[in-house]
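Subject: Structure for you to look at

Hello,

Here is the structure we talked about handing over. Please open it first, then read my notes below.

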Amino acid sequence: MADLVLVTEAAEQSEYSEPHIRLLVRTGKIKGKKQGGIWLVDLGDLIRYEQEMKEIGTKKFDPTKHTE
């Protein structure tokens, strides 16, 4: 994790809210960590994820992709 920033700064530089960014870190979708009571986020990874979600568009909500 090269470019760690506070979650508040990450929220300012992305379209995601602070709670959503913390959720993305907890679920392993982006790199980051909680150090003490402070959340740190890999800003580069967040931007990569955000771009990936923009490219996928509405396909990310396709209910057929979760069939078993």
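**Around Ser-14**

The side chain of Ser-14 reaches 3.0 Å to the backbone oxygen of Ala-10. That is a polar contact (a pair of N or O atoms within 3.5 Å; within protein, one must be able to donate a hydrogen and the other to accept it, and residues adjacent in sequence count only if both atoms are side-chain atoms). A polar atom of the Ser-14 side chain also lies 3.2 Å from the backbone nitrogen of Tyr-16.

Before going on, two notes on the source. This is a predicted model, where local features need pLDDT of at least 70, side-chain atom pairs count only at pLDDT 80 or more, and totals for chains, interfaces and linings use all residues. Residues are numbered from 1 along each chain as its sequence is written, and side-chain values use heavy atoms, with hydrogens and water left out.

Ser-14 sits in the loop between helix H1 (7-12) and H2. Ser-14 is buried, at 13% relative accessible area. (Buried means under 20% relative accessible area, exposed over 50%, partly exposed in between, with a 1.4 Å probe and protein chains only.) Not counting residues up to four places away in sequence, Ser-14 touches Ile-21, Leu-46 and Glu-50. Contact here means heavy atoms within 4.5 Å. Ile-47 is 33 residues from Ser-14 in sequence, yet their C-alpha atoms are 7.1 Å apart.

**The fold**

The chain has 3 helices and 3 strands. Both are DSSP runs, numbered from the N terminus: helices are H or I with at least four residues, strands E with at least two. Their pattern along the sequence is β-α-α-β-β-α. Of the 68 residues, 29% count as buried.

The strands form an open antiparallel sheet, ordered S1-S3-S2. Strands pair if DSSP finds at least two bridges between them. S1 (4-6) and S2 (32-35) are at the edges with a single partner strand each, so one side of each has no neighbour in the sheet. S1 and S3 (residues 38-42) are joined by 3 bridges, with Leu-6 opposite Leu-40. S2 and S3 are joined by 4 bridges; Gly-32 has Val-41 as its bridge partner in S3. In the hairpin of S2 and S3, Gly-36 takes a positive phi near 70 degrees.

Helix H3 (residues 43-56) lies across S1 and S3, at about 65 degrees to S3. Axes are lines fitted to C-alpha atoms, for helices over the stretch in contact, and angles run from 0 to 180 degrees between N-to-C directions.

**Charges**

How many salt bridges does a search of the whole structure find? It finds 4. The cut-off is a side-chain nitrogen of Lys or Arg within 4 Å of a carboxyl oxygen of Asp or Glu.

Glu-52 bridges to Arg-48 at 3.0 Å. These shared partners join Asp-45, Arg-48 and Glu-52 into one network. Asp-45 is buried at 10% relative accessibility, while Arg-48 is partly exposed at 36%.

Asp-42, in strand S3, is buried but has no salt bridge; Lys-31, the nearest side chain of opposite charge, is 5.1 Å away. (Lys and Arg count as positive, Asp and Glu as negative; His and the chain ends are not counted.) A polar atom of the Asp-42 side chain lies 3.1 Å from the backbone nitrogen of Gly-44.

Best wishes
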